[in-house]
Amino acid sequence: MRTRPSSRLIILSPENHVLLFNFFHKDDALSGKSYWATPGGGLKHHESYEQAALRELHEETGLTRSTAGPQISSRTFSMMLPSGETVLAEERFFIINTDKSDIDRSGWSSNEKKVIRHHYWWTIEELRRTNETIFPRDLLISVLEGKSTDSSSLNASQCPNVPLV
C-alpha cells in the first residue's frame, strides 16, 4: 500500500472558531459520501510537511504566511482516495491563527471545485452537538478547548493522535 503524506490545517479565528470544508462526492469512488474536514492536502515531491502546509494554506484559503504554525498532532490510517486507491495516510496537523473570515477560492484545483460544496467556521458547541461527519472531530474539540483556556500553550499533550472515526 502506498503511503500518502499530507499536511492538514487547523485554522482558528479570533472568536475561537475553526474553518472546515464540506466535501460531497458525486462521480468518483467515494460517491454519496459527505463530510467536513480541515483544509490541507498531500505533499508534492521533495516538499516538507511545513512547506505543504504553507502551500495548501495559500491554495485553499488565499492566506499567506512565512512559517506554518506549530505542528500539534499527527495520525496514520488507511483511507480510500476518490480514485478508488487505498493508501496509508500520514497526516500532520498545523495550527494557523487568522483574523480573516473570508477565503479566496481562486487557487482551488478543478477537483476541489467539484467536491467542496462550501466552508463554515465552526464553534466548539456546534462541533459537540452535530451529527455531521467531521474529520478529526475529537482533535478539533481538544484544540478549541485548549485555545479557550490558554491560547499560548497548545501542545501535543493537549492534542493526542486521534484515530479515524
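**The largest pocket and the chain around it**

The lining of the largest pocket splits into 18 nonpolar, nine polar and nine charged residues. That makes for a lining of 36 residues, with Arg4, Arg8, Phe23, Tyr35 and Met79 sitting nearest the centre. The pocket comes out at about 850 Å³ in volume. All of this is read from a predicted model.

As for who supplies the lining, strand E5 (71–80) gives the most, with four residues. At least two residues each come from strand E1 (3–12), strand E3 (34–37), strand E4 (40–42), H1, E5, strand E6 (86–97) and helix H2 (110–115).

Stepping back to the whole fold, the protein chain has four helices and eight strands, running in the order β-β-β-β-α-β-β-α-β-α-β-α along the sequence. Of its 165 residues, 45% count as buried. Take the contacts between residues at least 6 apart in sequence, and 64% of them join residues at least 24 apart.

Proline 70 lies between helix H1 (49–61) and strand E5. With a relative accessible area of 46%, proline 70 is partly exposed, because that category covers values between 20% and 50%. Neighbours within four places in sequence aside, proline 70 is in contact with Phe93, Phe94 and Ile95. For phenylalanine 93, the separation from proline 70 is 23 residues in sequence and 8.3 Å in space, C-alpha to C-alpha.

Terms used
Residues are numbered from 1 along each chain as its sequence is written. This is a predicted model: local features need pLDDT of at least 70, side-chain atom pairs count only at pLDDT 80 or more; totals for chains, interfaces and linings use all residues. Side-chain values use heavy atoms; hydrogens and water are left out. Buried means under 20% relative accessible area, exposed over 50%, partly exposed in between (1.4 Å probe, protein chains only). Contact means heavy atoms within 4.5 Å. On a 1 Å grid over the protein atoms alone, a cavity is a set of points where a 1.4 Å probe fits but cannot get out, and a pocket is an open set with protein on both sides within 12 Å along at least five of seven lines; lining residues have an atom within 4 Å of a point. Grid points are joined across faces, edges and corners, and a volume is the space filled by probe spheres set on the points. Ala, Val, Leu, Ile, Met, Phe, Trp, Tyr, Cys and Pro count as nonpolar, Asp, Glu, Lys and Arg as charged, and the others, Gly among them, as polar.
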